[in-house]
Amino acid sequence: MPAPPTRQTTILRPRLAAVSVLAFALGGCASGDFGRTRASALSDDMHRWVGQEATASVGIPASQFQLTDDERQLRDYAYPLIEPPHSRPEWKGVFGDYLAMPAPWRHDVRFDRTAYGRLLIDEPHRSHASRYAQLIEDVRDDLARIEPFFQVAARVLDMDSKRDQARSLVSRLSPQEDEDARARIAENALVVKWVQQCLAQRASSYRWALERLVIHAPDPMVADADRLIGELESQTVPRVAGVAGNTVVSKG
């Protein structure tokens with residue numbers, strides 16, 4: 001015959017049940033194995049807004065064409081390079097809470113190169129070495145993202161060049177189709193320009209942070225950080241044709 005429940009087990013049972021229900025509810029929201037966002041919680045066009053925001057910021061109407069696979073991938077690869085490092089709490093990344101950001105061409109957008117460094121220095125860390133380690137990790141992450149982005153960008157802009165040439169050859173091209181084609185060409189170029197501008201800003205932010213770390217807490221790790229930031233700075237020069245300076249050319 002089982003022993004009667006004690007007062008302690010009677011109190012703990014409701015609490016354990018509540019914890020189990022909460023764990024089940026959180027597990028069913030968006031996160032999959034090891035905290036990764038489930039594919040079902042994401043949309044194929046979840047970053048389409050990147051191109052729409054870029055065109056809206058300079059007064060160009062957005063194209064109504066569907067995104068090609070490369071155009072969709074361009075926007076997916078662009079997002080982590082235009083979002084400021086550590087601008088969102090970690091839990092938002094787990095639950096797939098991606099927020100739209102204003103393009104740099106809007107008049108009320110101001111770049112603060114000190115924001116990243118101040119956050120890095122002010123946030124509690126176990127040691128000053130962990131601050132250097134975080135800076136190095138962030139720069140390495142950016143360097144790893146650059147090549148895939150520009151590979152896709154080169155393909156997209158090459159196809160846009162062919163798209164532009166085809167406009168005069170397509171029979172009975174409607175005014176709306178012509179407008180959408182020109183708008184998509186401009187949109188893709190603006191996305192690439194946005195990333196190029198953000199890479200230069202990120203390199204500037206990392207350089208400011210490293211300079212302050214050297215003053216606050218000198219460490220031999222400064223050499224590795226300086227080398228990586230220098231490598232990132234060398235990648236800020238425009239690497240694809242079709243985007244020059246602040247001008248996006250779209251033939252009428």
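Among contacts (heavy atoms within 4.5 Å) between residues at least 6 apart in sequence, 80% join residues at least 24 apart. The chain is a predicted model, in which local features need pLDDT of at least 70 and side-chain atom pairs count only at pLDDT 80 or more, while totals for chains, interfaces and linings use all residues. Residues are numbered from 1 along each chain as its sequence is written, and side-chain values use heavy atoms, with hydrogens and water left out.

**Overall make-up**

- The chain has 8 helices and 0 strands; helices (H or I, at least four residues) and strands (E, at least two) are DSSP runs, numbered from the N terminus.
- Read from the N terminus, the order of elements is α-α-α-α-α-α-α-α.
- Of the 252 residues, 35% are buried, where buried means under 20% relative accessible area, exposed over 50%, and partly exposed in between (1.4 Å probe, protein chains only).

- Leaving aside residues up to four places away in sequence, Leu232 touches Val139, Asp142, Leu143, Ile146, Leu199, Ala203 and Tyr206.
- In soluble globular proteins, nonpolar side chains tend to be buried together.

**Salt bridges**

- There are 18 salt bridges in the structure, each a side-chain nitrogen of Lys or Arg within 4 Å of a carboxyl oxygen of Asp or Glu.
- Glu187 pairs with Arg75 in a salt bridge whose closest N and O atoms are 2.8 Å apart. Because Glu187 lies in helix α7 and Arg75 in helix α3, the pair ties together parts that are 112 residues apart in sequence.
- Glu187 counts as buried at 1% relative accessibility, and Arg75 counts as buried at 1%.
- A network of salt bridges links Glu71, Arg75, Asp160, Arg163, Arg184 and Glu187.
- Arg167 forms a salt bridge with Asp164, with the closest N and O atoms 2.6 Å apart.
- Arg167 also forms a salt bridge with Asp178, with the closest N and O atoms 2.7 Å apart. Arg167 lies in the loop between α6 and α7 and Asp178 in helix α7, so this pair ties together parts that are 11 residues apart in sequence.
- Asp164 is buried at 18% relative accessible area, Arg167 is buried at 13%, and Asp178 counts as buried at 18%.

**Loop residues**

- Arg172 is in the loop between α6 and α7 and is exposed, with a relative accessible area of 84%.
- The phi of Arg172 is near 50°, a positive value in a residue other than glycine. Most residues other than glycine have a negative phi.
- Pro61 sits in the loop between α2 and α3 and is partly exposed, with a relative accessible area of 45%.
- Pro61 and Glu179 are 118 residues apart in sequence and 8.8 Å apart in space, C-alpha to C-alpha.
- Not counting residues up to four places away in sequence, Pro61 touches Glu179 and Ala183.
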